[in-house]
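Colleague: I would like to learn how to read a structure like this one. Please show it to me, and then we can go through it.

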Amino acid sequence: MDDKEALRVGAAVRRRRRSLGLTLAAVATRSGLSVPFLSQIENERARPSARSLDRVADALETTTARLRAAADSARAVEVVRAAEGDGARRVVRGRHQLSALEFTGEMDLGREFQHRNDEVMYVVEGAAEVEAEGQAYRLERGDTLFLSGGVRHRWRATMPETRLLVVAVAEHVDATNDPRR
């Protein structure tokens, strides 16, 4: 592992630790490494040796390869060009902490949704009707609706030129178990 790669695993270590609901002290006990050293790794101020990173990965119930892959995905820079035609398109590709979709045209998906994580709906153009927890909301250009995880909702675009951006914490990330909330 080169120095740049060693420095970048810190954010992946922190995300994994938090997703498991562990404190630095718990990871220190599991790994045999000190709390200050683990803190330095997470803050990318220390470069763990291959052996230390193996110990951290074991303590976090994962592998060094997965930590490195998570670090790689955390550094992603990707452009998604505008698609032609109506419908739905992913604005963010791959498995990231963020999921974003753009819906274009007069759409009615005809079903109710309930996601475990938070999401935001933003009307770029046109208008939409959203029913959430039994209450109806009319959204127009520039309006935003926030839905916390677990809120049942359905929506439909009400104008042909509607463009609706839906941004959410990705389903594969368990944001409902965030100890910082």
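Predicted model: local features only at pLDDT ≥ 70, side-chain atom pairs only at ≥ 80, totals over all residues.

Modeller: Residues are numbered from 1 along each chain as its sequence is written, and side-chain values use heavy atoms, with hydrogens and water left out.

Colleague: How many helices and strands does the chain have?

Modeller: Helices (H or I, at least four residues) and strands (E, at least two) are DSSP runs, numbered from the N terminus. Here there are 5 helices and 8 strands, and along the sequence they follow the pattern α-α-α-α-α-β-β-β-β-β-β-β-β.

Colleague: What share of the residues is buried?

Modeller: Buried means under 20% relative accessible area, with a 1.4 Å probe and protein chains only. Of the 181 residues in this chain, 33% are buried.

Colleague: In what order do the strands of the open sheet lie?

Modeller: Two strands pair if DSSP finds at least two bridges between them. In this open sheet, 3 strands lie in the order S5-S4-S7, with antiparallel pairing. Strand S5 (135–140) and strand S7 (153–157) are the edge strands, each pairing on one side only.

Colleague: How many bridges join S4 to S5?

Modeller: Strand S4 (residues 127–132) is joined to S5 by 6 bridges, and the two run antiparallel. Within this pair, Ala128 is opposite Leu139 in S5.

Notes. Buried < 20%, exposed > 50% of the residue type's maximum accessible area, 1.4 Å probe, protein only.
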